[in-house]
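Here is a short briefing on one protein model. Keep the sequence and the structure open as you read.

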Amino acid sequence: GFVPQPTPVILLKEGTDTSQGIPQLISNINACQVIAEAVRTTLGPRGMDKLMVDSRGKATISNDGATILKLLDVVHPAAKTLVDIARSQDAEVGDGTTSVTLLSAEFLKQLKPYVEEGLHPQTIIRAFRTATNLAVSKIKEIAVSVKKDDKEQRQLLEKCAATALNSKLIAGQKGFFSRMVVDAVMSLDELMSLKMIGIKKVQGGGLEVGVCCSVSRESQEEEFTHEWTRSPVDRCRRPNLHPNVPQTEVLTACVWCDLQACGGSIQTSVGAMTDDVLGQCELFEEVQVGGERYNFFKGCPKAQTCTIILRGGAEQFTEETERSLHDAIMIVRRAIKNDSVVAGGGAIEMELSKYLRDYSRTIPGKQQLLIGAYAKALEIIPRQLCDNAGFDATNILNKLRAKHAQGGTWYGVDINSEDIADNFVACVWEPSIVKINALTAASEAACLILSVDETIKNPRSSMDGPPGGAGRGRGRGRPHAH
Ligand SMILES: Nc1ncnc2c1ncn2[C@@H]1O[C@H](COP(=O)(O)OP(=O)(O)O)[C@@H](O)[C@H]1O
Ligand SMILES: [Mg+2]
């Protein structure tokens with residue numbers, strides 16, 4: 001695999017503050033704002049992508065918060081916390097990495113005035129933990145569970161996958177890809193190991209525009225009505241092109257089962273070739289895909305693994321597609337394990353914000369203000385979705401506040417018409433675990449940053465070295481014995 005070289009962000013290294021107490025806290029909060037700025041514009045279906053070039057000239061295009069932050073070599077110790085939570089959100093739930101970063105930075109931004117005022121960090125931390133617990137219970141209370149009826153579950157999974165893909169380069173083909181991702185995950189056993197879904201990238205497929213899929217699919221959706229007759233693989237359909245996707249960049253993709261799915265086992269000699277060590281499949285064929293020939297095993301009785309072939313012109317494009325599919329696959333796995341969903345597009349954040357604002361009015365003193373600050377910070381998600389779409393965020397947020405006050409629980413940003421909409425009805429669904437994880441992690445990171453009032457550098461890491469100089473390069477910087 002490709003291991004990107006980090007691009008240094010000098011600004012942060014130079015800016016690392018050696019002060020103590022409140023100035024240190026403020027400086028750390030400011031550093032986190034810089035991190036949020038780096039990913040802010042990528043949020044949501046109208047978010048932009050980032051093109052990053054490393055020191056060796058390798059270009060990466062991405063919309064994924066965790067990927068972007070990984071490629072930026074963030075050296076500021078406090079700001080690194082945000083990079084870490086984006087990474088752990090990626091590992092835990094696979095989606096919501098931009099949201100978690102924005103939320104955490106916004107929590108810090110909203111509580112900055114209280115830090116400046118000299119309010120004790122522990123008081124702030126207490127309020128934030130209370131607010132997070134309340135918000136998480138509220139999510140669990142209002143999340144909608146879909147019955148495990150086969151057809152409904154499949155719809156739920158496809159909708160969650162589609163929501164995850166909305167913000168990606170391949171959003172134009174989200175219907176096709178979300179079905180493919182659900183097919184892939186459904187072919188796995190109960191453990192749903194990510195390793196069991198292989199993704200192979202074949203360059204140069206952009207010339208042959210088409211999508212082929214060996215997984216049988218009876219219904220002919222409007223998007224895929226054309227038979228792709230030139231394809232050697234059966235049941236192939238050609239998608240109508242999304243106007244935003246350049247013709248040569250459309251991917252071809254294919255799901256088929258892997259060798260081990262046939263149920264064969266590896267033998268060291270041909271002496272004991274009994275039937276039970278041999279694998280089976282309905283159809284074996286060798287097919288040219290791009291510049292290489294592949295062996296296809298289809299109709300495998302023990303298929304609990306599958307492989308997706310991605311084809312596309314530019315390498316950056318197939319790589320970003322692979323990352324996008326990874327997000328969607330993770331989301332589908334999550335949704336199978338935890339079948340409750342909430343509405344996205346800022347709907348859940350607005351509802352939690354309203355709930356916490358109402359709650360804060362029932363308690364006295366600073367805790368009221370702090371929980372109010374938390375509630376306000378949650379609005380960053382719908383606000384940023386609006387900003388990125390070029391909408392008047394103040395106007396939309398006013399409408400959303402009014403609607404939620406009247407009980408419109410699932411109202412969020414309508415990305416298609418500069419308005420608000422019931423995003424549950426609009427099928428912008430996200431597994432509730434994504435939001436629970438994001439809120440918990442964002443609030444914990446903010447609390448962690450608040451509990452640091454001094455950064456002490458390892459003397460060996462600074463250029464001028466320890467005073468006296470003796471023992472430098474040897475030993476471990478232990479104090480000298482006199
Ligand atoms: N069709 C849609 N309309 C409005 N908001 C949407 C839509 N699809 C996705 N979103 C929202 O976009 C946000 C996710 O954006 P994304 O760029 O994927 O960031 P993240 O890395 O946080 O997942 C979520 O708040 C999600 O609810
Ligand atoms: Mg996402």
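Which atom of Thr97 lies 3.2 Å from an oxygen atom of ligand 1? It is a backbone N or O atom. This is a predicted model, so local features need pLDDT of at least 70 and side-chain atom pairs count only at pLDDT 80 or more, while totals for chains, interfaces and linings use all residues. Residues are numbered from 1 along each chain as its sequence is written, chains are lettered from A and ligands numbered from 1 in the order in which they are written, and side-chain values use heavy atoms, with hydrogens and water left out.

**Overview**

- The protein has 14 helices and 17 strands. Helices (H or I, at least four residues) and strands (E, at least two) are DSSP runs, numbered from the N terminus.
- Of its 482 residues, 51% count as buried. Buried means under 20% relative accessible area, exposed means over 50%, and partly exposed is in between (1.4 Å probe, protein chains only).
- Take the contacts with a separation of 6 or more: residues 24 or more positions apart account for 71% of them. Contact means heavy atoms within 4.5 Å.

**Ligand 1**

- Ligand 1 is surrounded by 22 residues. The closest are Ser99, Asn166, Ser167, Gly345 and Glu430. A residue counts as near if one of its heavy atoms lies within 4 Å.
- Glu430 places a side-chain N or O atom 2.7 Å from an oxygen atom of ligand 1.
- Thr42 has a polar backbone atom 3.3 Å from an oxygen atom of ligand 1.
- These pairs fall under the term polar contact: a pair of N or O atoms within 3.5 Å. Within protein, one atom must be able to donate a hydrogen and the other to accept it, and residues adjacent in sequence count only if both atoms are side-chain atoms.

**Nonpolar cores**

- A nonpolar core is a set of buried Ala, Val, Leu, Ile, Met, Phe, Trp, Tyr and Cys residues joined through side-chain atoms within 4.5 Å.
- The largest core has 102 residues. Phe107, Leu111, Ile124, Leu356 and Leu439 touch the most other members.
- Helix H14 (residues 432-450) gives the most to this core, with 11 residues.
- A second, separate core has 9 residues, including Met350, Phe391, Ala393 and Ile420.
- Leu356 touches Ala131, Leu134, Ala135, Ile371, Tyr374, Ala375 and Leu378, leaving out residues up to four places away in sequence.

**A three-stranded sheet**

- Strands of a sheet pair through backbone hydrogen bonds, either parallel or antiparallel.
- Here 3 strands form an open sheet in the order E5-E14-E17, with antiparallel pairing. Two strands pair if DSSP finds at least two bridges between them.
- The edge strands are E5 (144-145) and E17 (429-431), and each pairs on one side only.
- Strand E14 (residues 340-343) pairs with E17 over 3 bridges. Val341 has Pro431 in E17 as its bridge partner.
- H14 packs on this sheet and touches E14 and E17. Its direction makes about 65 degrees with that of E17.
- Helix H7 (residues 150-165) lies across E14 and E17, at about 100 degrees to E17. Axes are lines fitted to C-alpha atoms, for helices over the stretch in contact, and angles run from 0 to 180 degrees between N-to-C directions.

**An enclosed strand**

- Is strand E13 (residues 306-312) enclosed or open? It is largely enclosed by the rest of the structure, because 7 of its 7 residues are buried.
- One side of E13 holds Cys306, Ile308, Leu310 and Gly312, and the other holds Thr307, Ile309 and Arg311.
- Strand E6 (residues 197-203) runs parallel to E13 and is joined to it by 7 bridges. Lys201 has Leu310 as its bridge partner.

**Two buried helix residues**

- Ser324 is in helix H9 (residues 315-337). Ser324 counts as buried because its relative accessibility is 2%. Its contacts beyond four places in sequence are Leu165, Lys168 and Ile170.
- Ala393 is in helix H13 (residues 393-405). Ala393 is buried too, at 6% relative accessibility.

**Positive phi**

- Most residues other than glycine have a negative phi.
- Glu418 has a positive phi of about 45 degrees. It lies in the loop between E15 (411-414) and E16 (419-422).
- Cys427 has a positive phi of about 65 degrees. It is in the loop between E16 and E17.
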